[in-house]
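Subject: Structure handover

Hello,

Here is the structure I promised you. Please open it alongside this note; my findings follow below.

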Amino acid sequence: MQRIPEEKIDEIRSQVDIVDVVGNYVQLKKQGRNYTGLCPFHGEKTPSFSVSPEKQIFHCFGCGKGGNVFSFLMQIDGLSFVESVKKVADLAHIPLDVAISQGDSSPGNKPDSQESKMIEIHQLASKLYHYLLMETEEGQEALQYLLDRGMSEQELDHFEIGFAPAHASTVTTFLKKREVDLALAVESGLLTERDDGEVVDRFRNRIMFPIKNDRGQLVGFSGRLFNQEDGPKYLNSPETPIFNKRNILYHFSDARQEIRKKEEILLLEGYMDVISSVSATFSNGVASMGTSLTEEHVQMIRRVTNRAIICYDGDRAGIEASFKAGTMLAEQHRLEVFVLQLPNGKDPDDFIRSEGAEKFAEIYTHQRLTWTAFKLQFFKRNRNLQNETDKIAYLGEALAEIGKLDQAVERELYLKQLGSEFDLSMEALKQQLQQTVVVKPKPHDYGGPPPESYGEYPSYEGDGGPVYEQFSFAQPSGVPSAGLTSEKRLLKYMLEDRDAFIQIRNLLEEHQTDFYHDNYKALYTHLIGFYASGNDANPLALMDQLKDDMARNLVSELEMMTVNTDVSTEEYQDYVQSLTKSSIERDIKEKEQALLTATQQGDMPVALELARTITTMRATMKNTPN
């Protein structure tokens, strides 16, 4: 059994920029020396999550989570330490030429979970399905169907499309031969158990689309009928420990980089739409699993972009779904939203296959509708605009929407469009608009990241549009005590300088004092062991050895602190004396409470002794330098 050598871990860590890794999960904006964004570990509206490229750490000033590149992946992807090192090594294209067993004793490692075994089972099945489609006579009809739809073999390989035969036990027999736990395969949703106890394949006679979660792990399938009418058109994996439709967007893990590059996400309805959009060089396309957009989907989107392009089917259901999704994104979560409406009500797949990628790109780039423009069109549905009652009702809805806009130029534009369409004067429209009551959100109601920068939020005072103000990180409530400040500064110096650690430790022993807060005391103990093992000051390496999340979080918090680097022994002495004074103050308060209790109980001898002790302690504290 081998561990990854420390020097190898250091090499891997040094070859990857934590900003690039975290940027795959969080939309980051440069602010000063650091990058900031919305924390992926807790819900928030104002950014409190910070990444330091200089120190190669992250820290959230809201929930307190922090660490280095390995601990970030461990927390956000649920990886063991070894798995996180492997993932970073892959990103850095560094070969890990050591054998790593599942029982490896590297920090933070844990044995394979049931979930990881389920993922492995799905990976095996996916390879089988793809082979059956591409290489067997049994899969020829399904393959020909896909080719006739305009798909290429390259697309089939890229998306790992497969075929599930009509037999009841194709996958079951395949897994049996590989001694896979069939009960676990049933729990994972790949197989199903009949009433008589027989285990059989869940998917039969269907084209298979592998489904990955946002970490790129294969967690389920969607099977499509292609040559029969019986049964639902699409059959998805059931809800399992690894598969939940509310948390999954098809192609999201593969699209993440392109979404960040384009700074926008393309929301589509179906798997074929996604595949066609990728073939048209729009690799930022994703699709929900046959469900409406969920809060979980929106949170995934917000991690990587502030702008969404909705391109659903052009039929009635697709238009209504666009309105529902846009309302959630634009009005509940304050994302910038555009809508693509393809000619003749075609869906994206049909349009790209028939009209070509260039035509789709032209509409995508030049004919996208703003959210307001789409809503104005949407409100016309089911209205007879030749009828005066319907016309007045529509104008009322349209003016209410225009009145919500913050930019005067934008309001003017839509008013002119309404005036031209209905032969109304600007004066009449503006007068009517002034009578429209619009409640504008206050800054604290702002439901998402600002449209321009994570470093600002809009203040809606005045009529000339939002005035942007600088945000500041949320700080812990209350003013830190002198003792707490001293503890933080002492630990900060000890973390970053071995000589400082030795000096401060000697002072602590000389004054017979210690850290009071449990987290700080625990980190001090870890530091003693870390330096005793011959290590030089290295906060990143220390984080790798800390199994306690609280300790890792504290290291990242201290590393984010800015302190004077030119420190004298006298300053260390002052901080240690502050700890001593704080300790005496706490003891005095305890004695005073005991004195009150003794007095109330009439125990005068104990009360007199406590009073003498308190007087002595106060004299000692008075003589302790500030």
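This is a predicted model: local features need pLDDT of at least 70, side-chain atom pairs count only at pLDDT 80 or more; totals for chains, interfaces and linings use all residues.

Start at leucine 268. Its bridge partner in β14 is alanine 287. Leucine 268 belongs to strand β13, residues 265–268. The neighbour, strand β14, covers residues 285–288. Three bridges join the two strands, and they run parallel.

β15 in turn is joined to strand β16, residues 336–339. That pair is parallel too, with four bridges. Look for arginine 307, which stands opposite glutamate 336 in β16.

These strands sit in an open sheet of six. The order is β12-β14-β13-β15-β16-β17, and the pairing is mixed. Which strands stand at the edges? They are β12 (249–250) and β17 (369–370). Each has a single partner strand, so one side of each is left without a neighbour in the sheet.

The four-stranded sheet

There is also an open sheet of four strands, ordered β6-β9-β10-β11. Its pairing is antiparallel. β6 (162–164) and β11 (234–236) are at the edges here. Each of them has just a single partner, so one side of each lacks a neighbour in the sheet. From one strand to the next, the twist averages 35°.

Glycine 223 has leucine 235 in β11 as its bridge partner.

Helix α11

What does α11 lie across? It lies across β9 (206–212), β10 and β11. Its direction is at about 70° to β9.

α11 (residues 271–279) also crosses helix α14 (residues 348–355). The two axes come within 8 Å, at an angle of roughly 35°. The crossing is left-handed. On the α11 side, the contact residues are Met272, Asp273, Ile275, Ser276, Ser277 and Ser279. On the α14 side, they are Pro348, Asp349, Ile352 and Arg353. Together these residues divide into four nonpolar, three polar and three charged.

Cavities

How many cavities of 30 Å³ or more does the structure hold? There are two. Helices α10 (252–262) and α12 (295–304) each supply at least two of the lining residues.

Best wishes

Conventions. Residues are numbered from 1 along each chain as its sequence is written. Side-chain values use heavy atoms; hydrogens and water are left out. Axes are lines fitted to C-alpha atoms, for helices over the stretch in contact, and angles run from 0 to 180 degrees between N-to-C directions. A crossing is left-handed if the near helix is turned anticlockwise from the far one by less than a right angle, and right-handed if clockwise. Contact means heavy atoms within 4.5 Å. Ala, Val, Leu, Ile, Met, Phe, Trp, Tyr, Cys and Pro count as nonpolar, Asp, Glu, Lys and Arg as charged, and the others, Gly among them, as polar. Two strands pair if DSSP finds at least two bridges between them. On a 1 Å grid over the protein atoms alone, a cavity is a set of points where a 1.4 Å probe fits but cannot get out, and a pocket is an open set with protein on both sides within 12 Å along at least five of seven lines; lining residues have an atom within 4 Å of a point. Grid points are joined across faces, edges and corners, and a volume is the space filled by probe spheres set on the points.
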